[in-house]
Amino acid sequence: MSEGMMMEHSNGGFSAAGLRRMREVLAEHVDSGKIPGLVALVSRGGRTHVEALGTMHRDGGAPMSRDTIFRMASTSKPVTVAGAMVLLDECRLRLDDPVEPWLPELADRRVLRRIDGPLDDTVPARRPITVRDLLTSTFGLGMDMMALGTPIMNAVFERGLTPNLPVPMPEPDEWMRRLGELPLMHQPGEHWQYQISNDLLGVLVARVTGRSFEDFLRERVFDPLGMNDTGFHVPADRLDRLPALYAPDPQTGEFLVWDEAKGGRWSEPPAFQGGGGGLVSTVDDYHAYFRMLLNGGVHEGRRILSRPAVELMTTNRLTPEQTAARTATAVDNVHISHGQGQHGGWGVGMAVRTYRGDYAPVGQFGWDGGTGTTSYADPHNRLVGILLTQVGLSVPDPARLIHDFWTTLYQAIDD
């Protein structure tokens with residue numbers, strides 16, 4: 001069932017024929033049986049169009065709807081970084097201040113001589129870790145898909161330092177203690193690395209403000225934007241709006257349930273409020289956030305972030321040397337990335353396109369999530385696109401759906 005008005009004429013929006021084609025292509029993915037259901041939102045020129053297709057569960061049941069709540073996975077990153085940006089705006093953090101006063105566990109770092117070497121073969125870090133290093137994901141430790149099986153990556157997994165392991169991440173102080181036992185993989189500032197920086201930013205915000213990460217985000221970002229369904233868990237009275245999360249078997253394609261709604265990981269407040277991938281949200285909540293970014297930090301006349309803060313977030317922060325590993329993962333390991341991530345640049349918490357690798361223009365910003373989620377804004381075309389499923393990227397099907405969503409969205413632009 002489609003929700004939203006069909007626009008017969010563009011007026012800076014989308015063509016009716018283009019939106020019909022997008023709906024047909026999305027429906028083909030649902031009808032194939034590979035994607036139980038999805039919700040998509042596209043907006044341009046003050047007009048919004050929503051498609052809700054399929055069902056919440058693979059065996060049918062309740063239909064997807066505009067207010068369905070999704071586990072956002074890594075699509076959390078562009079939103080949760082707003083907490084740190086608020087503190088930058090207020091001079092409670094400075095870009096090049098060392099983080100040690102708030103994160104003493106990261107003082108006196110050692111750095112591996114070789115990324116695949118033993119954990120005790122290290123040299124001293126050349127300098128302290130700074131706020132800028134955390135914001136740009138270059139502090140020296142992170143998820144490196146090119147280094148799986150090395151002692152350092154094994155130690156990250158063994159200590160429960162990343163989400164999606166069989167055991168949830170521990171509470172922040174214990175998580176920091178475990179993190180502090182490990183050497184860095186690279187010198188601070190040298191290499192972009194995924195994930196751990198974003199979780200660290202949540203701990204930093206909580207320690208600077210003396211509040212939980214979620215409380216601060218709610219007061220300064222979620223509530224002002226009307227993001228009432230966004231948080232780190234789903235309250236009991238809304239659990240019927242949360243679909244099951246599937247992680248299909250990569251070999252057989254069998255649909256395995258990774259997380260149920262009732263009694264699942266998002267049914268109770270987590271010990272660790274993960275900025276890297278912990279949020280749940282809806283298409284309308286995310287639309288409010290990305291439109292605020294497109295509007296230079298203002299939402300309905302209220303300033304959430306300064307314009308320079310938004311510009312810092314949504315323009316490339318990285319040198320070619322810093323981003324080389326990310327480019328290699330996207331380009332040389334498409335069986336892992338399914339082609340996602342070929343954008344070139346990285347801002348703060350999100351990808352920024354620095355070359356035209358597909359239909360999207362330079363300057364588009366946003367990110368994708370391992371639960372089959374995608375959310376980007378495009379300043380050139382003044383558009384936002386959000387597509388949410390709950391089929392994990394253990395198989396390529398949700399990535400193919402995401403590709404087709406963006407292809408048909410850009411085809412629907414009518415000027």
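Let's start inside: the largest nonpolar core has 111 residues, and Trp175, Tyr289, Leu293 and Leu305 have the most contacts within it. Helix 9 (residues 283-294) gives the most to this core, with eight residues. A nonpolar core here is a set of buried Ala, Val, Leu, Ile, Met, Phe, Trp, Tyr and Cys residues joined through side-chain atoms within 4.5 Å. Buried means under 20% relative accessible area, exposed over 50%, and partly exposed in between (1.4 Å probe, protein chains only). Helices (H or I, at least four residues) and strands (E, at least two) are DSSP runs, numbered from the N terminus. A second, separate core of seven residues includes Leu239, Leu242, Trp266 and Val280.

Before going on, please note that this is a predicted model, in which local features need pLDDT of at least 70 and side-chain atom pairs count only at pLDDT 80 or more, while totals for chains, interfaces and linings use all residues. Residues are numbered from 1 along each chain as its sequence is written, and side-chain values use heavy atoms, with hydrogens and water left out.

Now zoom in on Tyr289. Not counting residues up to four places away in sequence, Tyr289 touches Pro78, Val79, Ala82, Val221, Leu225, Met227 and Met313, where contact means heavy atoms within 4.5 Å. Thr80 sits in helix 2 (residues 77-80). Thr80 counts as buried because its relative accessibility is 3%. Leaving aside neighbours within four places in sequence, Thr80 is in contact with Phe213, Leu217, Phe232, Gly275 and Leu279.

Next come the aromatic rings: the structure holds 13 aromatic pairs. Rings of Phe, Tyr and Trp (its six-membered ring) pair if their centres lie within 6.5 Å; planes under 30 degrees apart count as stacked, over 60 as edge-to-face and the rest as tilted. The rings of Trp192 and Trp346 have centres 5.1 Å apart and planes at 65°, so this pair is edge-to-face. Trp192 lies in the loop between helix 6 (172-180) and helix 7 (196-209), and Trp346 in strand 13 (residues 344-346), so the pair ties together parts 154 residues apart in sequence. Both Trp192 and Trp346 are buried. Ring pairs link Trp192, Tyr194, Trp346 and Trp367 into a cluster.

Finally, consider Arg23, which is found in helix 1 (residues 16-31). With 27% relative accessibility, Arg23 counts as partly exposed. Arg23 and Arg44 are 21 residues apart in sequence and 17 Å apart in space, C-alpha to C-alpha.
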